[in-house]
Amino acid sequence: MKRRDFLVAGSAGALLAGCGAEQQPTNAAPAGKQQTFQWKMVTTWPKNFPGLGTGANNVARLITEMSGGRIQVTVYGAKELVPPFEVFDAVSSGTAELGHGAAYYWKGKSEVAQFFTAVPFGMNAQEMNAWLYYGGGMELWREVYAPFGVLPAAAGNSGIQMGGWFNREINSLDDLDGLKMRIPGLGGEVLRRAGGTPVSMPGSDIFTSLQSGAIDATEWVGPYNDLAFGLYKVAKHYYYPGWHEPGATLECLINQTAYDSLPAELQSIVINACRVVNGDMLAEYTARNNAALQSLVNEHNVDLRAFPDSVLERLRTLSEQVVAEIADRDALSAKVFESYRAFQRQAMSWHDISERAYMNIRGG
Ligand code: CA
């Protein structure tokens, strides 16, 4: 065992092996800790895409840096190693040890997975993080992915998103009728019930689909990301708020077998690198969104509009139905739904007299 560890350790270990035990430096790491791991990360995002792609890069970089190079992670953007919507399967099968994406892309695996990205009219970023870390959400998320040999970690949050880009005005519910819109997750199902046709496609396909008229509208993220994709060039009206994604959690997918093969301190580094990026990404979006919004409105003459109240009220009613139906799928879905709903209620109770009350009195 000792001999094999020294062989793994390479030349440094070989040098130490030639010394008497009493001559070894007292601060030398045990030889077994020198083992290194070469990991791949596949992502659903275009390579280096602002916020999302760079968030994935940050997870990889932090894991490599904090481990002192003992885990070296190479990032592959969408389509570089696997197509964006095959990221989950790639991590599940071990083609890649890590993936970065969003849980609502995997509703074909488990419909309740969508709860771990965003729920329409559900919790915002602050509340989602509270549920995941202190309200039992993470444990439930792990339970949902366990049958696939995948360990999830929250690894980014966009904050509340924008309602999206539309090539027709939305003045009443009738304007949603027949609307073909890129909108994934539970929000897509809500749109379907409001008369629209939801389409799920990776970010990289949105611009050309809107340009060609294959879709009439799209949501993506918010000003910072939407400006980067140039969506203002192919749609006239930019609506808020993002009722469908009030604080979208991004995820890091970890192959369970690869994770189990790590010593405990490297496991901790992987999990905590995700946790750092989870908070960092929200700070970045919060910092950059308004400058991008000003650019869209003032330099690119985007028509910024609020959804009419009547439309939002109907979408909220439909959302409650869609979300509640997921609870009927199976026992685990019911457990996730109950946990989410109970946590949202208590978070709203507190935020009514704290965040909301403060926002109302802060003034301009
Ligand atoms: Ca979105």
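Mentor: Helices and strands here are DSSP runs, numbered from the N terminus, with at least four residues (H or I) for a helix and at least two (E) for a strand. The model is predicted.

Trainee: Is G203 buried or exposed?
Mentor: Residues beyond four places away in sequence that touch G203 are R182, W220 and F229. Buried means under 20% relative accessible area. At 4% relative accessibility, G203 therefore counts as buried.

Trainee: How far apart in space are G203 and T218?
Mentor: In sequence, G203 and T218 are 15 residues apart. From C-alpha to C-alpha, their separation is 10.0 Å.

Trainee: Which residues are the protein donors of the calcium ion?
Mentor: The spacing of the donors along the chain is Q-x57-E-W-x24-E. The donor atoms lie 2.1 to 2.8 Å from the ion, and E219 is listed with two OE entries, while W220 gives its O. The donor residues are Q161, E219, W220 and E245.

Trainee: Which residue follows helix 7 with a positive phi?
Mentor: Helix 7 runs over residues 185-193, with G185, L186, G187, G188, V190 and L191 buried. Those buried residues pack against strand 6, strand 7 and helix 12. After the helix comes a residue with phi near 105°, and that residue is G195.

Trainee: At the start of helix 5, which residue has a side-chain oxygen within 3.2 Å of the backbone nitrogen of Q126?
Mentor: Helix 5 covers residues 125-134, and its buried residues are A125, E127, M128, N129, W131 and L132. Among the elements covering them are strand 4, strand 10 and helix 13. The side-chain oxygen that reaches the backbone nitrogen of Q126 belongs to N124.

Trainee: How is helix 5 oriented to helix 11: roughly parallel or roughly antiparallel?
Mentor: The axes of helix 5 and helix 11 come within 12 Å and cross at roughly 170°. An angle over 145 degrees counts as roughly antiparallel. Helix 5 is therefore, relative to helix 11, roughly antiparallel.

Trainee: Which residues of helix 11 meet helix 5?
Mentor: The contact of helix 5 with helix 11 divides into four nonpolar, two polar and one charged residues. From helix 5 come A125, N129, Y133 and Y134. They meet, in helix 11, R275, N278 and L282.

Trainee: How is helix 5 oriented to helix 6?
Mentor: The axes of helix 5 and helix 6 are 4 Å apart, at an angle of about 75°. Angles of 65 to 115 degrees count as roughly perpendicular. Helix 5 is therefore, relative to helix 6, roughly perpendicular.

Trainee: Which residue has its backbone oxygen 3.2 Å from a polar side-chain atom of Q344?
Mentor: Q344 is found in helix 13 and counts as buried at 13% relative accessibility. Leaving aside neighbours within four places in sequence, Q344 is in contact with F121, G122 and M123. The backbone oxygen in question is that of F121.

Notes:
Residues numbered from 1 in each chain as written. Predicted model: local features only at pLDDT ≥ 70, side-chain atom pairs only at ≥ 80, totals over all residues. Heavy atoms only, no water. Donors = N, O, S within 2.8 Å, 3.2 Å for Na, K, Ca; no water. Buried < 20%, exposed > 50% of the residue type's maximum accessible area, 1.4 Å probe, protein only. Contact = heavy atoms within 4.5 Å. Polar contact = N/O pair within 3.5 Å; in protein donor to acceptor, adjacent residues only side chain to side chain. Axes fitted to C-alpha atoms, helices over the stretch in contact; angles between N-to-C directions. Parallel < 35°, antiparallel > 145°, perpendicular 65-115°, else oblique. Nonpolar A, V, L, I, M, F, W, Y, C, P; charged D, E, K, R; others polar.
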